[in-house]
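Hello,

Here is the structure for you to look over. My notes follow below it.

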Amino acid sequence: MVAEFGIYFLILTLVFSSFGFLQPILSNINKNILLFSQEKLSVLIFTFTLLSFFCLAYSFIISDFSLNVVVNNSNTQLPIIYKITGVWGNHEGSILLWLLVMTFFGFLFSIQNIKNKDIKIKTLYVQNTLIFLIGLFIVLTSNPFERSFPPEIEGSDLNPLLQDPGLIIHPPLLYLGYVGFSIVYSISLAVLLFKIKKDDFVNVLRPWVFASWTFLTLGIGLGSWWAYYELGWGGFWFWDPVENASLLPWLTASALLHTILISSKRKLLLKWTLLLSIITFTLSLLGTFLVRSGVLISVHAFANDPSRGLFILLLLLLVTGAGLFFYIKSGSFFPKKNNINLISKEGAISLNNIFMLTLSFTILLGTVYPLFSGVIFNTKISVGAPFFNSILAPIIFPLVIGMIFGPFLKWGNDDFFNLINRLKVLLFIFFIVALFVWYLNFGGPILSIIFFIFSSWIVTSSLFEFTKFISLKPKLTFKKVPLKNLSQLTAHIGIGLLIIGATGTSILKKEKIQFQDPNQIISISKFDVKFMGVNNVEGPNYISEMGEFKIYQNGEYIKSLYPERRFYNSSDQITTEAAIYSTIFGDLYIAIGDKNSLNDSQSWTTRIWFNPFTLWIWIGVFLLSLGGALSLIKTLRIKN
Amino acid sequence: MKLFITIFFLIFNADLSKSVEPDEILENTELEEIAREIGRNLRCLVCQNEDIENSNADIAKDLRLLVRKKLTEGESKKEIISFVHSRYGDFVLFSPPFRYDTLGLWIFPLIFFIYLSYLFFRRRD
Amino acid sequence: MKYFFLVISLALLSFFFYKGLEKDPSIIPSNLIKKEIPDFKLNKTKLFPFFEKSDLLESKDLKMVNFFASWCPPCKIEHPNLIKLSEKFPIYGIAKKDSDNKIYNWLKKSGNPFKAIGLDNDGSASINWGVYGLPETFLISGDGKILYKHVGPITKKDLSKIFKILARE
């Protein structure tokens, strides 16, 4: 019964969102027709989608096995929290969550106080049309309320890999990011489509760009963290097509963040801002297409269905086509302002854009190239981590250099020698820092030393700029520090720490793989790891082999770690739960394997890693999103 | 057919945790290092986008052992990779060979970069 | 001009993606098609006739090489079809990581389609043939060239495909 309500609410969403495109068409015929105000529609649409989502969540909670999605992705033994997260642990439910987030953003936008009513209404036209299209996709190809006949008594299980705290919030956060860009797209398309010739659209756009970017950053970071501790390989980024798909809009959005600075301050690159907005959402959709259509081989295998793929492809074509068509059609309706000088703040931001987009384009190309070459040349190639790592380095370096010097450049026109002259002190500090870093890593791999030097330069230059700014204004209290400076400071330091963490974890990691006897001690980095044995522990829906390890440092006991291997009853699947001891110098990471079968000894396969500075990755991601959040607060403050 | 293939992959994909096993590791740490390097460049054929070093599949284990055996017999990294390539085709290489059909992977980003730089810094008078 | 460019690039992109939807990305083509059969070494079984590379080259008729194992469930699915095929031409079996007894018990129960069987204990023969899963089947011409490779169990549908290739030869 509840499921019927669910589909009913979904259809109501569909009906009301259709006014997004019906209204402008009808009012073209007769100006006096006004069926609903778009603001009120957005509230209604959000309410109905939320109700529909609740219906699905309720079906999962009571384990209503007359629904296909529940049968395939839930189980009576499942702890209640995973019954709820099971809602978005599958294609149908997650796309409903996607729709919910989309309507939520529409709702937020509709209640936002925006002076330019014209932009507001027209943006909602576009947003509601997008909602209609996604809603249609759900109803036609991915109905979560489909009944299974006859009803089952017990469900198969939620994929054990997804039964994890990280996965409770990773998808919602990621979707808040991905789908948040739908509003950014809607604003931009509205500006182009209805030729709103006011450049204050940038101010309407800003908070949504910052908000979505912040969520996307957190979402990707959380996904990476999950992969780090759940997959048991000690890595955090695998260049999987799905990871790449999330990185693409993040890169273009990061470019957009910076461009918006120029366009709001100098009224330059206004059309470029619109184009980036359109591309960013397009890439979010493309990611969805790649993941859910099964055209690429990826770790994140969703149930694949070609008809879904076809629908998303059409949707993608429509959204991209409309965006680019009206972009071209609008011609040059913003006056082309003066040229951009390479040595200037605009120049640095332009370089940032060029490299960010080149990186994004290259990752996109690498991800879809196997598909294309298969169609054109009938070959079957792979493009994986070695390729992506090799193209990443030459693009990262110019980006980092821009990051170090960009903030010190003046708007309009600056002079290279003048800059050097101004930064004499900083350059001297750089020299000292480089020597110090080199000394600390003496004898280490060259690449890691280079990366460490560059990243510590990012941190020092950011701090230097900030202290210089503070010292110019002696009366400044902490509360009055402009958020713009603060957000740039945190975000850039975040990137610096992220690079340090990534370098340590990927280049300097140490590894010990062995059969370890009980009471045997393995030394790695500064730690001694003593294996105590394995116990069988029973969880709610799994049995686990739980190893016990005692960690010592300089002969002193620190703590015990309990890595597990879980055998899930209902799906016969096995997951690894690594145990991690994090310190600021690095993570001690232990995963347990099989019992040694060769002799009748009590030894087990143990994999022990020391991953230097991994914690810094997560701190970096946190600072990045904090920077985004500060920018968001700042833009919202201006409004009021 | 698709169903069978799915079943057949599922059987090999039950456990993500297994990768390099202790008894596979070579005594000679230098050779082991090269073996890892080779392994990271070879794709596990039945897995979802994993290299053979990080995969539990049967075929990945066989390939790991083969790589190490050939290394101890004195073959070079290049020889081993080209042997595996000759048996399994391009799909097994994680960094694609430089060839007419893969040229685009390097050329297009370069064109894109140059065009974008032109767009930003061209002089309009 | 700009519109033309937009339309063309979007059309091309959607064509590629559409084509991609039709393909099954998990099927990997063999790199050995039209090449001579590779070198390989097998271990003898106690209970079945043995074969080596030279045996495959000597007989000038069509033949099949089938990689199987008694522990592999999909191999059991294709078994009846293999028996049907064995009436047309000889099938040589390569058992991967398997034991004499287990093979014997299985084949005694469900029939033996193999002219000869060799054991691939360490999986090296499988690698030489570019085999990545079980079962996999190779169709080999009279002059010792690989004509066709089939991945996964041979179903009834696949039988007609194989007969088509036979008719061409």
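**The chain A–chain B interface**

The contact (heavy atoms within 4.5 Å) takes 52 residues from chain A and 46 residues from chain B. This is a predicted model: local features need pLDDT of at least 70 and side-chain atom pairs pLDDT 80 or more, while totals for chains, interfaces and linings use all residues. Residues are numbered from 1 along each chain as written, chains are lettered from A and ligands numbered from 1 in written order, and side-chain values use heavy atoms, without hydrogens or water.

The two chains bury about 4,400 Å² between them, 64% of it on carbon and sulfur atoms. Buried area is the accessible area (1.4 Å probe) lost on putting two parts together, summed over both.

The rule finds two salt bridges across the interface. That rule asks for a side-chain nitrogen of Lys or Arg within 4 Å of a carboxyl oxygen of Asp or Glu. One of them joins the side chains of B:E21 and A:R607, at 3.6 Å, N to O.

On chain B, α2 (29–41) and α5 (104–121) each supply at least two residues of the side that touches chain A. Helices are DSSP runs (H or I, at least four residues), numbered from the N terminus. The largest share, 11 residues, comes from α5(B).

**A:D414**

A:D414 sits in the loop between α14 (385–405) and α15 (416–422) of chain A. A:D414 counts as buried because its relative accessibility is 10%; the cut-off is under 20% (1.4 Å probe, protein chains only). Its contacts include A:I343, A:F408 and A:R422, leaving out residues up to four places away in sequence.

Best wishes

Note on methods: Buried < 20%, exposed > 50% of the residue type's maximum accessible area, 1.4 Å probe, protein only.
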